[in-house]
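Good morning, and thank you for making time for this presentation. Please look at the sequence and the structure on the screen while I speak.

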Amino acid sequence: QVQLVESGGGLVQAGGSLRLSCAASGRTVSGYRMAWFRQAPGKEREFVAAISWCGNTAYADSVKGRVTISRDNAKTTVYLQMNNLKPEDTAAYYCAAGTGSKFTQSGYDYWGQGTQVTVSS
């Protein structure tokens with residue numbers, strides 16, 4: 001089993017920044033793609049960003065240019081740097097690890113509990 005623990009969420013004003021972290025433990029995540037999804041109240045969970053084991057990245061159009069996903073050298077922690085935050089970024093953000101399809105929830109085997117991001121206008 002892989003355990004994923006997110007941190008770094010909070011309340012921020014529009015235009016502000018936050019950095020989310022996701023620490024992986026337990027079974028190795030060697031070879032896994034890591035990703036962030038988010039879910040706003042009353043909406044479906046949606047893809048935000050992903051980073052492959054070799055460092056290739058992908059972003060949702062809604063966050064492209066404002067968000068950067070990265071991994072530490074040990075590849076056990078993934079970060080999501082979010083800048084110029086907007087009220088529509090308000091959601092619970094979830095970290096995921098998997099080897100399947102990049103953009104869909106079904107492509108990920110392990111999920112964190114989520115961290116709340118609230119952006120005030």
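**A loop, its neighbours and the strands around it**

I begin with lysine 86, which lies in the loop between strand E8 and strand E9 (91–98). A word on terms: helices (H or I, at least four residues) and strands (E, at least two) are DSSP runs, numbered from the N terminus. The model is a predicted one, in which local features need pLDDT of at least 70 and side-chain atom pairs count only at pLDDT 80 or more, while totals for chains, interfaces and linings use all residues. Residues are numbered from 1 along each chain as its sequence is written, and side-chain values use heavy atoms, with hydrogens and water left out.

Leaving aside residues up to four places away in sequence, lysine 86 touches Arg66 and Val119, where a contact means heavy atoms within 4.5 Å. The C-alpha atoms of lysine 86 and glutamine 13 are separated by 8.1 Å, although the two residues are 73 residues apart along the chain.

In that loop between E8 and E9 we also find asparagine 84. With a relative accessible area of 43%, asparagine 84 is partly exposed. Its phi is near 50°, a positive value in a residue other than glycine. For context, most residues other than glycine have a negative phi.

Serine 17 is found in the loop between strand E2 (10–13) and strand E3. Serine 17 is partly exposed, at a relative accessible area of 40%. The C-alpha atoms of serine 17 and threonine 77, 60 residues apart along the chain, are separated by 19 Å.

Serine 21, by contrast, is found in E3 itself, residues 18–26. Why does serine 21 count as buried? It does so because its relative accessibility is 17%. Beyond residues up to four places away in sequence, serine 21 touches Val5, Glu6, Ser7, Trp36, Val78 and Tyr79.

Let us now turn to the strands on either side of the loop. E7 (residues 67–71) and E8 (residues 77–82) pair in the antiparallel sense over 5 bridges; two strands pair if DSSP finds at least two bridges between them. Arginine 71 has valine 78 in E8 as its bridge partner. E7 and E8 form a hairpin with 5 residues between them, and lysine 75 in the turn has a positive phi of about 60°.

In a regular strand the side chains alternate between the two faces of the sheet. E7 has a covered face made of Val67, Ile69 and Arg71, and an uncovered face made of Thr68 and Ser70.

How many residues of E9 are buried? The count is 8 of the 8, so E9 is largely enclosed by the rest of the structure. Its partners are as follows.

- Strand E4 (residues 33–39) is joined to E9 by 7 bridges and runs antiparallel to it; alanine 35 stands opposite alanine 96 in E9.
- Strand E11 (residues 115–120) pairs with E9 in the antiparallel sense over 3 bridges; the bridge partner of alanine 92 in E11 is glutamine 116.
- Strand E10 (residues 110–111) is joined to E9 by 2 bridges, again antiparallel; alanine 97 stands opposite tyrosine 110 in E10.

Finally, the chain as a whole. The chain has 0 helices and 11 strands. Its radius of gyration is 13 Å, close to the 14 Å that the globule rule gives for 121 residues, so the chain is as compact as a globular protein of that length. That radius is taken over C-alpha atoms, and the globule rule is 2.2 Å times the number of residues to the power 0.38. The C-alpha atoms fill a box of roughly 40 × 30 × 25 Å, taken along the principal axes. Buried residues make up 45% of the 121 residues. Among contacts between residues at least 6 apart in sequence, 57% join residues at least 24 apart.

Notes: Buried < 20%, exposed > 50% of the residue type's maximum accessible area, 1.4 Å probe, protein only.
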